[in-house]
Amino acid sequence: MRTRPHILALAALFTLCTPGCASKHAAAQMGRLMTADERTMVTDAAALMAKKGLKDESALATSLLGKGIWRSATADDIYMKQAEKDGGTPYAYTLSAGKQPSAIVLAPRFFKETTAPARASLMLHELGHYRAYVKTGFSDETDGYKAQYDANKKLGMGEEDSLPYFAMLDGVVEYVVPKYPEYKKYPDVKGYMTTP
């Protein structure tokens, strides 16, 4: 089985692991344990989900934190570096071998450059990948962006949350709308699609 990382970025999510790279890099790319401050930020994001009525997502996020699935990227993370080299702004990626997700790795910018609602929203995106892997053994960007956008109706991340909000809309337009055309009727997606 190969590991499929998904990196949340501005223009798109990048699948950066080619066949054969998983066995070579998977162990090294599981990130590191989070610091106490980083754990607090993830815990606070999960609490915000619960407060906004996203109790199942909050429970899953909290459970994965207890299992050590949420990790912090190391300084030499090859997936993050490749995404940046390709012009992306990576926030996170999920590693999975088939139906067994092994890590959700969070970039330094996840902790340093985002608001609390944006952190919760980015986590919801990764939970979309996590659930898809567990269910089918596969995930693509539609899973992440659809889960993120659907949950954001309750969460309420908006323009004031900057780059993660616009990255979400960009991903919905690029990945969700082609499979679910009804999404282009939502006012924010429609507005984003018609903005020059």
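**View 1. Tyr 79 and Tyr 93 as an aromatic pair.** Tyr 79 is buried, with a relative accessible area of 2%, where buried means under 20% relative accessible area with a 1.4 Å probe and protein chains only. Tyr 93 also counts as buried, at 0% relative accessibility. The model shown is predicted, so local features need pLDDT of at least 70 and side-chain atom pairs count only at pLDDT 80 or more, while totals for chains, interfaces and linings use all residues. Residues are numbered from 1 along each chain as its sequence is written, and side-chain values use heavy atoms, with hydrogens and water left out. Rings of Phe, Tyr and Trp (its six-membered ring) pair if their centres lie within 6.5 Å, and planes under 30 degrees apart count as stacked, over 60 as edge-to-face and the rest as tilted. By this rule there are eight aromatic pairs. In the pair of Tyr 79 and Tyr 93, the centres are 5.1 Å apart with 80° between the planes, which is edge-to-face. Because Tyr 79 lies in helix H4 (residues 78–85) and Tyr 93 in strand S2 (residues 92–97), the pair ties together parts that are 14 residues apart in sequence; helices (H or I, at least four residues) and strands (E, at least two) are DSSP runs, numbered from the N terminus.

**View 2. Tyr 145 and Tyr 175 as a stacked pair.** The ring centres of Tyr 145 and Tyr 175 are 5.8 Å apart and their planes lie at 10°, so the pair is stacked. Tyr 145 belongs to helix H7 (residues 141–155) and Tyr 175 to helix H8 (residues 163–179), so that the pair links distant parts of the chain, 30 residues apart. Tyr 145 is buried, at 0% relative accessibility.

**View 3. The largest nonpolar core.** A nonpolar core is a set of buried Ala, Val, Leu, Ile, Met, Phe, Trp, Tyr and Cys residues joined through side-chain atoms within 4.5 Å. The largest one has 27 residues, and those with the most contacts inside it are Val 42, Leu 64, Trp 70, Leu 106 and Met 123. Helix H6 (116–136) is one of the elements that each supply at least two residues, and H6 gives the most, with six residues. A second, separate core of 12 residues includes Tyr 145, Tyr 165, Val 172 and Val 176.

Methods. Buried means under 20% relative accessible area, exposed over 50%, partly exposed in between (1.4 Å probe, protein chains only).
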